[in-house]
Amino acid sequence: MAQAVKDIKMTLEEQLVFNLCNPELRGNALVELSQTVAAHPLTRAPFLKARIPIFVFPFLNTTSEAKSFEHLRVTSLGVIGALAKAEDTKVVKFLLKSEVIPLCLRIMGTGSELSKTAATFIVQKIMRDEVGLQHICATPECFFQVASVLANMVIALNEQPSTRLLKHVICCYLRLTDDPRAFTAMQTHLPEALRNGTFDNCLRDDPAAIHFLQQLLDKLASIVPHPGPHPAAGGAPYPAPGPAAGGSHRGSSQTGPSHQP
C-alpha cells in the first residue's frame with residue numbers, strides 16, 4: 001500500500017515537471033505548484049512574505065467561460081483556498097488587505113458551480129476568523145454586499161441545486177449571525193427558501209448540512225443573539241436592504257425587529 005502511494009506521488013510529480021516544460025501547460029502547472037506551496041505549513045509563511053499569491057489574482061479577474069480559462073480560475077482559487085484553509089489570522093489579514101473578497105464575491109455571482117463553490121469556501125474560511133468577520137460586518141455597505149450575493153446564490157440554487165455549494169452558503173449565513181447587528185438583519189432578511197423546506201430534498205443525504213441549517217434557523221428564532229463577537233463598529237442595527245422575508249421552517253417562526261436607521 002505504501003509503495004502504491006509512493007508510486008502515485010512520483011507519477012504526479014513527474015507529470016508536474018512535464019507540464020512545467022510544456023509551454024502550453026506551463027501556466028496551469030505553475031498555479032498548481034503554487035497551490036502545493038501555499039498548503040504546506042513550512043512554505044506558507046515565506047510564500048505570503050514574498051506576496052506570491054497576488055500573481056494569481058489576474059486569473060480570478062477573467063470572465064471568459066472557455067474551459068481553459070475556467071480551469072485556470074478554479075486552480076487559482078485553489079491557491080487562495082489552500083491559504084484560507086489554514087485558518088491563520090496572518091493569512092486572513094493578508095487576504096483582506098489584498099482585496100480578495102470582492103474577487104470572490106464576483107465569482108460567487110457569475111462563475112461555474114465549481115468556481116462558485118471554491119470562492120464561497122474562501123469567504124467562509126475568512127469569516128471564521130474574528131478579523132474576517134469584523135471586516136465584513138464593519139459597515140452596512142460591506143455586510144449587505146456579502147448578504148446580497150448569498151441571497152442571489154440561494155435563488156440560483158433553487159433552480160440548479162448543489163448540495164456542496166448550498167452547505168457553504170448556509171455556513172456563511174450561520175457565521176454572520178455571530179455578529180449582533182448581522183444577526184438582527186438576518187432575523188428578517190434570511191431568504192425564505194432557507195426557512196420553508198425548499199432545500200429539504202437537496203440536503204437529505206448530507207446530515208452535516210441539515211444540522212447547520214437547523215442550527216441557523218434555531219439561532220435566528222431566538223430573541224437575543226447568542227454570545228458572539230462585538231460589532232466591529234458601534235451604532236444602530238443595519239438598515240433594511242429591502243422587504244423582509246417571512247415564513248418559518250421546522251418550527252422556527254420568530255420574526256426579528258424592524259431595521260430602522
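These questions and answers concern helix packing, cysteines and salt bridges in a predicted model.

Reader: At roughly what angle do the axes of helix H7 and helix H8 cross?
Author: Helix H7 covers residues 100-110 and helix H8 covers residues 113-128. Their axes come within 8 Å. The crossing is left-handed, and its angle is roughly 140 degrees.

Reader: How many residues of the contact of H7 with H8 are nonpolar, polar and charged?
Author: H7 contributes Val100, Ile101, Cys104, Ile107, Met108, Gly109 and Thr110. From H8 come Ser115, Lys116, Ala119, Thr120, Ile122, Val123 and Ile126. Sorted by type, the residues of this contact are nine nonpolar, four polar and one charged.

Reader: Is Cys104 buried or exposed?
Author: Cys104 is one of the H7 residues that make the contact with H8. Its relative accessible area is 1%, and the cut-off for burial is under 20%. Cys104 is therefore buried.

Reader: How many disulfides does the structure hold?
Author: A disulfide is a covalent bond between the sulfur atoms of two cysteines. For Cys142, the closest cysteine sulfur is that of Cys137, and at 7.8 Å it is too far for a bond; the cut-off is 2.5 Å. Cys142 is also buried, with a relative accessible area of 19%. The number of disulfides in the structure is zero.

Reader: How far apart in space are Pro180 and Cys137, C-alpha to C-alpha?
Author: Pro180 lies in helix H12, residues 180-189. With a relative accessible area of 26%, Pro180 is partly exposed. In sequence, Pro180 and Cys137 are 43 residues apart, and their C-alpha to C-alpha distance is 9.5 Å.

Reader: Why are Glu70 and Arg73 separated by about one helical turn, and what is the N to O distance of their salt bridge?
Author: Both residues sit in helix H5, residues 67-84, and because they are three residues apart there, about one helical turn separates them. Glu70 and Arg73 are both buried. Their side chains meet in a salt bridge with an N to O distance of 2.7 Å.

Reader: Which helices do Arg175 and Glu130 lie in?
Author: The side chains of Arg175 and Glu130 meet in a salt bridge, 3.7 Å from N to O. This pair links distant parts of the chain, 45 residues apart. Arg175 is in helix H11 (residues 163-176), and Glu130 is in helix H9 (residues 130-136).

Reader: Where in the chain is Asp206, the salt-bridge partner of Lys167?
Author: The side chains of Asp206 and Lys167 meet at 3.2 Å, N to O. Lys167 belongs to helix H11, 39 residues away from Asp206. Asp206 is buried at 14% relative accessible area, whereas Lys167 is partly exposed at 23%. Asp206 is in the loop between helix H13 (200-203) and helix H14 (207-221).

Reader: Which residues do salt bridges that share partners join into one network?
Author: Side chains of opposite charge can pair when their charged atoms come close. The structure holds seven salt bridges, among them the one between Arg175 and Glu130. Through shared partners, one network joins Glu130, Arg175, Asp178 and Lys219.

Note on methods
Residues are numbered from 1 along each chain as its sequence is written. This is a predicted model: local features need pLDDT of at least 70, side-chain atom pairs count only at pLDDT 80 or more; totals for chains, interfaces and linings use all residues. Side-chain values use heavy atoms; hydrogens and water are left out. Axes are lines fitted to C-alpha atoms, for helices over the stretch in contact, and angles run from 0 to 180 degrees between N-to-C directions. Helices (H or I, at least four residues) and strands (E, at least two) are DSSP runs, numbered from the N terminus. A crossing is left-handed if the near helix is turned anticlockwise from the far one by less than a right angle, and right-handed if clockwise. Contact means heavy atoms within 4.5 Å. Ala, Val, Leu, Ile, Met, Phe, Trp, Tyr, Cys and Pro count as nonpolar, Asp, Glu, Lys and Arg as charged, and the others, Gly among them, as polar. Buried means under 20% relative accessible area, exposed over 50%, partly exposed in between (1.4 Å probe, protein chains only). A salt bridge is a side-chain nitrogen of Lys or Arg within 4 Å of a carboxyl oxygen of Asp or Glu.
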